[in-house]
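Hi,

Here is the structure I said I would pass on.

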Amino acid sequence: MAGGQQSVLFVCLGNICRSPIAEAIFRKQVTDRGIISKWKIDSAATSTYEIGNPADERGQRCLMKHGISTNHIARQVTKNDFLTFDYILCMDESNLRDLKRMTEKVKNYKSQIKLLGSFDPQHHLIIQDPYYGNEAAFEEVYQQCLRCCTAFLEAST
């Protein structure tokens with residue numbers, strides 16, 4: 001890391017379920033380790049569906065159950081994100097395809113674009129969208145994001 005700041009953008013379809021959960025988990029991890037100043041952390045959507053909306057209430061309840069709060073407001077990925085974030089970590093193949101398509105319009109982007117699940121020690125590559133599920137689906141996303149964010153942080157520092 002050489003003393004510089006690193007940056008990560010978590011991405012899902014609407015930016016109200018999976019990516020805000022991952023963002024909140026990662027923010028807590030770096031805060032707890034006392035290295036928050038070494039990270040720029042955000043999340044965004046590949047779509048425009050939920051722009052301006054808060055994180056899904058079920059996701060917020062799940063985070064609160066684990067002692068994490070968020071005041072997240074959904075936004076869409078911008079061209080500038082590809083120029084400023086070191087890592088863009090997304091949740092599924094559809095997100096990955098959309099992000100790769102977006103990079104075609106960005107010259108000399110610097111972001112490494114990967115599936116967040118590629119860091120999962122349990123090898124669950126895809127983080128399923130819990131939107132149409134129940135509280136248990138959000139807990140499953142939380143647990144997977146926790147494993148992945150932990151492994152990503154260890155690999156990045």
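Predicted model: local features only at pLDDT ≥ 70, side-chain atom pairs only at ≥ 80, totals over all residues.

Residues are numbered from 1 along each chain as its sequence is written, and side-chain values use heavy atoms, with hydrogens and water left out.

The core. A nonpolar core is a set of buried Ala, Val, Leu, Ile, Met, Phe, Trp, Tyr and Cys residues joined through side-chain atoms within 4.5 Å. Buried means under 20% relative accessible area, exposed over 50%, and partly exposed in between (1.4 Å probe, protein chains only). The largest core here has 32 residues, and Val8, Phe10, Phe26, Trp39 and Leu116 have the most contacts inside it. At least two of its residues come from each of strand 1 (6-12), helix 1 (18-32), strand 2 (39-45), helix 2 (57-65), strand 3 (87-90) and helix 5 (135-156). Helices (H or I, at least four residues) and strands (E, at least two) are DSSP runs, numbered from the N terminus. Helix 5 gives the largest share of this core, eight residues. Apart from this core lies another one of twelve residues, including Leu9, Val11, Val77 and Cys90.

Leaving aside residues up to four places away in sequence, Phe26 touches Val8, Phe10, Trp39, Ile41, Cys149, Phe152 and Leu153 (contact means heavy atoms within 4.5 Å).

Helix against helix. Helix 1 and helix 5 pack at about 45°, their axes 9 Å apart (axes are lines fitted to C-alpha atoms, for helices over the stretch in contact, and angles run from 0 to 180 degrees between N-to-C directions). That makes helix 1 and helix 5 oblique to each other (under 35 degrees is roughly parallel, over 145 roughly antiparallel, 65 to 115 roughly perpendicular, and the rest oblique). The residues of this contact divide into 13 nonpolar, two polar and one charged (Ala, Val, Leu, Ile, Met, Phe, Trp, Tyr, Cys and Pro count as nonpolar, Asp, Glu, Lys and Arg as charged, and the others, Gly among them, as polar).

Helix 2 and helix 5 cross at roughly 60°, with axes coming within 9 Å.

Cheers
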